[in-house]
Amino acid sequence: MSDHAPTGIKRWLFTTNHKDIGTLYLWFSFIMLLTGGAMAMVIRAELLYPGVQVVDPNFFNMMTTMHGLIMVFGAIMPAMVGLANWLIPMMIGAPDMALPRMNNWSFWILPGAAILLVAPMFIGGDFLAGQGPAFGWTFYEPLSGQYGNLAFFVFAVHLLGFSSIMGSINIIATILNMRAPGMTLMKMPMFVWTWLITAFLLIAVMPVLAGVVTMMLTDKYFGTSFFDAAGGGDPVMFQHIFWFFGHPEVYIMILPAFGVVSQIIPTFSRKKLFGYASMVYATAAIAFLSFIVWAHHMFTVGMPVAGELYFMYATVMIAVPTAVKVFNWTATMWKGALTFEIPMLWSIAFVFLFTIGGFTGLMLGLAPVDFQYHDTYFVVAHFHYVLVTGALFGIIAAFYYWVPKWTGNMYPPLLSKIHFWVSLVSVNVLFFPQHFVGLAGMPRRIPDYAVQFADWNYWSSIGGFVFGLSQILFLYIIIKTIKGGEKATDQVWESAEGLEWTVASPAPYHTFATPPEVK
Amino acid sequence: MSASKLTKKLGSLIMTALLLGPAMAFADYSTLNMTESVSKIGQDMYDLHMLVFWICTVAGILVFGVIFWSIIFHRKSKGAKPAPFHENTTVEVIWTSIPLIILVAIAVPSTKTLLEYEDTTNSDLTIKATGWQWKWEYDYIDDKVGDSKGIHFFSSLSKDANEARQLGANKELPEHYLLDVDKRIVVPVGKKVRILTTAADVIHAWWVPELAIKRDAIPGFINESWFKAEKEGVYRGQCAELCGKDHGFMPIVVEVKSVEDYKQWASAEKGAAAQAAAAAAAASGKTYTMAELMAKGKEVYDANCLACHQAEGQGGGPFPALKASPVATTGPVSTHIDIITKGKGIMPPFGAQLSALDVAAVTTYERNAWGNNTGDVVQPSQVK
C-alpha cells in the first residue's frame, strides 16, 4: 500500500497520521521535560545551601513558576495526548483518529503556545534579569496582576486550552464512533477508558481556565476589577475559579497513567486485570469527585466553617475509589506469574510511590491539620509523589512497554535497567526529605531558608541532580532504541492482550484499514 | 550576567557540593516531624496528624506487604502458575467499605478540632496584622489584659539577616537566620489572642508553626484567627503565601510574656511611641544638613529600597535603576517624593511606613548617591 506521504519537514508539518502526530507530541513533551528539568536544577542548586548563592530571589521565583507551568502544560499533558494518539486507534481497531486534520492543528498550536510562554524570559536579551512570569504556576491575583508582561502568559494559556479542547474532542469522537465491530464500551482496554473520562474532564475545565485568565487580562488592561477589592472584586474568587479548573487538572494528569499501569501489570502478571468493571467505575467516581473538592487547596483563605467542613468531607472521599484502584492492581499481581521487564518495574514503582502520594493527599485533606501543612514543602513532596513518581513514571512505563511496537526494536536492557534503578533511588532522595522539612516548618516557594532545614535540603538537591542526569540517559536510550536494537516480535510480550499487539512491529504507517472483529 | 555565566556558577556549585557534602551542617537530622505546638488546639492538630500518619502507615504496610509477597513468591522464575480469578464482588464490597469506615472515624476528631479552631469568640487581645511587600505591620486594636490599644509598628527582617541574604554576600549566617525581625510582637501567656489578617498589596499568609496559626492576609478583606500560647517564649514563623520577590524574607516573631511583663511592655511601648511622635513632629520643622540626611538616607534605603533597586542603585529585572534615572536626577523633587510615598506599578507605597524625615532623607540620598550628585537637599518640611 502506498502512503502518498510527503517526506522531510513537510511530512511532519502537514501530517494527519495519528502515529506521526503521536510521535510529535511525545518529542515535544520530552523537550519540555528537559527544559522544565533544567529549571528544577537551578531551583535545587539555589536550595543546596542556606544563603543566596546562585540567582536572585526574583529569578528564583521565575524558575519555580516556569518549572511548574512547563511541566504541567508542556511535559505531562502533551505526553499523555501523544500516547492517546499512538495507542487509542490501534487499541480500538480504528484506522486513525476521527478528525485527522484537527489532530494536526491541535499539535501544531502547542509549539506556538510554548514560545509565547517562555518568550518574556528573553525580553531585552537578558535572561538573568528575570523578566518572565514569577508569580507561581497558580498565578494568584493580585500578585500576577503586578506583572508587566501578563498578556504573553494569558495568550499562551488560551492557545494551550485550544489545543487541549480540540485534542479531547478528537479523542471522544474517536472512541465513541470508531471502535471495531464487537468492541463494546465495557470491552475497551483500561487505557482507552481512562482517556475517555480524562477528555471529558478537559472539555469541562479548560474553558474555565481560559475564562479566568481572560478576567485577569481585562483587569490588567481594560479597567475591570474582577479580582480587585478596591473595585468591588474579590481576590479569593480568583482562587475559586482557578481551582475549579486546577483540581480536575491534577486528575487529567494522573488518570491516563492509571490506564497505562492497568495495561502493563496484567501483562507481566500473566493474569487479567482484577475487577475491570470496578476500575471503570472507580475512574468515573474519581473524575466526578474532582469537580466538587476544589476549595481544599484554599483552607487558609478564611472560608465559612460550613464550607471547610464540606470540602474536607468531599476531599477525603476520593480516598475510597483511589484505594479501590490500588487494591485491584495488588489483586492482579496476587497469585500471578510475575516477571520484571522494564515496563513492569516502572509500574510497580508507580503503585508504591503513587500510594505514598495518596496517603499524604489524605492527610492534606483534613482541614485542621492542613492549617499546618498548607503552603509548605510537605505539599511540594505530596504533589511530586503523585506527578513525578505517578504521572511521569506512568509515561516512562508506557514508553518502555510500547516502544517495541512503535519502532520495531527492543530497548537496550542493561541501560534501561540502570535508568530505572538510578531514577528510583534518586527520586526518593529528592522528594522524601521534603516531607520532613515541610513538617518542620519550611514554606514552599522560598529561595533561601532557615538553617535548621539545611541538611535535608542538601540531600534533596543531590537527589535532584542525579535524577536530572538520569533523564539524559533516558534520552540516549530513546535515540538508541529508535536507531536499532534487538528486533521485536509482533506480540512483543508473552501475554500482552489487545489489538495493538496483532499488528506488525514496527506498526505500519496505516493500521486497521479494514476493521478487526472483536469477539 | 549571561546565561553561560549561570551555567558556570551552577557547575562549580554542584562540584563543590559533591566534594564537600553538607559542610555547613548547622542543624541535625531530627527535624523530621511536625512542629509540636505550645497551644492546646495546636496539640490537637498534632495528635490528629499522628493519628492519620499511623493509619496510613498501617494501611501502607498491609498493601505493600501483599505486593512484596507477590513479587517474592509469585514469580514466573519460581514456577508460579497464574491463578484464573479476576473478579470477586464480595471482596470489592469489603475493600470499598473498610476505607469508608476509617474515613468516618477520622472525620469525627477532625470536625471537632476544626470547629474549635474556627471559634474566635471571647478573645482577650486583638492584633491586626497587615501584610506588605515585604514586611508586616501590627496594630493592637483591643486589649482586655493590659493597655496596649493603639500600639502600632512595622516589623521587618532583622538587619544582619538582610545583609547576609543578598546574592553572593557570602557572609556568616546570623543566629535565627531569616527567622528574626527588627521588632517582635509581644503577647501575654495563657490568653486568647485574636489575629486579624489583611494586606496592603497582594495576598500574604501569617504563619507561626508553634502557635498552630496560619491564615491568609488578603487585600480588601479581613480574616480572623486565634491562638493561646500556654508557655512563655519566642516563637518564629514566616509568610506562607507567595507574595513576590522577597516572599522568603518577611518573618514573624511572637514573644509570649507573663501577663505582668506584658503589661509593662505595653506601657513602655506606648511611652516610647509618644516620644517618637513628638520627635517626629519636631523633626518635620527642623532643617537638616546634607551629611545628616545622607547618613539617615542610607539607613532608610538599605532597609526599604535596596532589595529591589540594589546596593548601587543599579536595579535589575523588573526593578528600574535609580542611578542616573531621570526621576532621581533631573526630574522634580516632588515627583520623586510622590513615587516613594504613593508607590508606582509594582512598587508599594511607603507613605504609611516612613516618617517625613525618613522620606526626606532617602530622597536626598537617592539624588546624591552613586554619582547622581544633583546637590539637592530635601527637608522634611517638603514632604506632605
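**A tour of chains A and B**

In strand β2 of chain B, Tyr140(B) is the bridge partner of Ile127(B). Select these two residues to begin. The model is a predicted one, and the predictor gives the complex an ipTM of 0.91 and a pTM of 0.92.

Next, select residues 125-132 and 135-143 of chain B, which are β1 and β2. The two strands run antiparallel and are joined by eight bridges. A hairpin of two residues leads from β1(B) to β2(B).

**The five-stranded sheet**

Now move to another set of strands in chain B. Their order is β4-β10-β9-β6-β7, in an open sheet with mixed pairing. Which strands stand at the edges? They are β4 (185-188) and β7 of chain B; each has a single partner strand, so one side of each is left without a neighbour in the sheet. On average, neighbouring strands here are turned by 25° against each other, direction ignored.

Select β4(B) together with β10(B), residues 251-257. This pair is parallel and has four bridges. Within it, Val186(B) has Glu255(B) of β10(B) as its bridge partner.

**Ile203(B)**

Select Ile203(B), which sits in the loop between β5 (193-199) and β6 (204-208) of chain B. Is this residue buried or exposed? Ile203(B) counts as buried, because 25 C-beta neighbours lie inside 10 Å, and the cut-off for buried is 20 or more.

Show what Ile203(B) touches, leaving out residues up to four places away in sequence. From chain A the contacts are Tyr140(A), Leu143(A) and Pro235(A). From chain B they are Asp216(B), Ala217(B), Ile218(B), Glu241(B) and Cys243(B). Ala217(B) is 14 residues from Ile203(B) in sequence, yet the two C-alpha atoms are 5.5 Å apart.

**Where the chains meet**

Widen the view to both chains. In total, 91 residues of chain B are in contact with 95 residues of chain A. On the chain B side, α1 (3-20), α2 (40-73), α3 (89-117) and β7 (213-217) each supply at least two residues. Which of the elements gives the most? It is α3(B), with 14 residues. By class, this side of chain B has 55 nonpolar, 22 polar and 14 charged residues.

**Chain A**

Select chain A alone. Chain A has 15 helices and zero strands. Its C-alpha atoms fill a box of roughly 65 × 50 × 45 Å along the principal axes. A compact globule of 519 residues would have a radius of gyration near 24 Å, and the 23 Å of chain A agrees with this. Buried residues make up 64% of the chain. Of the contacts in chain A with a separation of 6 or more, 83% are between residues 24 or more positions apart.

**Colour by confidence**

Finally, colour chain B by pLDDT. The average is 88, and 95% of the residues score at least 70. Confidence in chain B is highest in β6(B), at a mean of 97, and lowest in α1(B), at 69. Where pLDDT is low, the predicted coordinates should not be read in detail.

Definitions and conventions: Residues numbered from 1 in each chain as written. Chains lettered and ligands numbered in written order. Predicted model: local features only at pLDDT ≥ 70, side-chain atom pairs only at ≥ 80, totals over all residues. Buried ≥ 20, exposed ≤ 12 C-beta atoms within 10 Å, placed from the backbone. Contact = placed C-beta atoms within 7 Å. Nonpolar A, V, L, I, M, F, W, Y, C, P; charged D, E, K, R; others polar. Pairing = 2+ DSSP bridges. Axes fitted to C-alpha atoms, helices over the stretch in contact; angles between N-to-C directions. pLDDT = per-residue confidence, 0-100. Rg over C-alpha atoms; globule rule 2.2 N^0.38 Å.
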